[in-house]
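Thanks for making time, everyone. Please bring the model up on your screens, and I'll talk you through it.

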Amino acid sequence: MTKLTLVVPTYNLGQYFNAMLKTISDQTADFELWLVDDHSTDGTAERAAEFVRGVPMFHVEQFDRHRGVSVARNFGIDHASGDVVAFADGDDRLHPDFVKTLVNGFDQDTPAVTVGYEWWHTPMDPRDHYETLSQQTMFQQASQRGSEIGGYIWNKAYSLAAIERRQLRFDESLSIAEDYLFTASFVANNPGIYVYDPAIRYTKINRPNSTLRSRSFSDRRVEEQVFQRIYQMGRQL
């Protein structure tokens, strides 16, 4: 059976963290967990260490300085022992079948599995069923803002072998759109049939001080440059 590693970067999550940990505890399938704390100063790191204590498949890493979410995710990739790796943000919510749905999708020969999410909108057809997508369709979905599947990393699981074949990592120089670049790069470099279950398995929480809500003008310029890079990838497919 496919083994999944879930990587959750954490940084000063305050009251939001306990709700996420509850949804991790409620998962209906086994998995490996890495909580990677980016030098929190509000007790988040201590809560993470307490949560994993005594659970053999649960791990925590605490950075000695603030290094950024991409560094935390790359740490998770480097230390994952699963066949596939998934990512979640520490202030969001997982459906109890989040891990199970992703893992079962790999029963088909696929580089990645994606699930429905609730944020600004919900899937057009949120029934629990698997659909298949071509590489081109998956890339189109993953390289557009606001599409049903999106370029977000938190509603997907990626084959770790496929990541390592291409030596893919998150761009640690980016503070925005790094998720779109990672997902687009993964899809562009991994031909095959992709699997999608539109049932809502992930809920995005709109935190007031999130990166999305605090973007500067320079951040927007960087984001546009990232999407230009993605556009060029698409021209090669």
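I'll cover one annotated span and then two residues.

A word of caution to begin: this is a predicted model.

Let's start with the annotation. The UniProt record, an unreviewed entry, lists residues 6-129 as "domain: Glycosyltransferase 2-like". In the model, that span is 31% helix and 23% strand. Its end C-alpha atoms lie 22 Å apart.

Where does Asn155 sit? Find the loop between helix H5 (135-142) and strand S8 (156-159); Asn155 is there. Is Asn155 buried or exposed? Its relative accessibility is 0%. Buried means under 20%, so Asn155 counts as buried. Look at what surrounds it. Beyond its neighbours within four places in sequence, Asn155 contacts Leu102, Val113, Thr114, Val115, Tyr117 and Ile149. Take Ile149 from that list. The Asn155 side chain reaches the backbone oxygen of Ile149 at 3.1 Å.

Next residue: Val187. Which helix holds Val187? That is H7, residues 178-188. The relative accessible area of Val187 is 1%. That is under the 20% cut-off, so Val187 is buried too. Which residues does Val187 touch, leaving aside neighbours within four places in sequence? They are Gln135, Met138, Phe139 and Tyr194.

One distance to finish. Pick out Val187 and Gly43 on your screens. They are 144 residues apart along the chain. Their C-alpha atoms are separated by 37 Å.

To recap: Asn155 is buried in a loop, and Val187 is buried in helix H7. That's my tour.

Notes: Residues are numbered from 1 along each chain as its sequence is written. This is a predicted model: local features need pLDDT of at least 70, side-chain atom pairs count only at pLDDT 80 or more; totals for chains, interfaces and linings use all residues. Side-chain values use heavy atoms; hydrogens and water are left out. UniProt positions are given in the numbering used here, feature names are shortened, and annotations may be inferred rather than shown by experiment. Helices (H or I, at least four residues) and strands (E, at least two) are DSSP runs, numbered from the N terminus. Buried means under 20% relative accessible area, exposed over 50%, partly exposed in between (1.4 Å probe, protein chains only). Contact means heavy atoms within 4.5 Å. A polar contact is a pair of N or O atoms within 3.5 Å; within protein, one must be able to donate a hydrogen and the other to accept it, and residues adjacent in sequence count only if both atoms are side-chain atoms.
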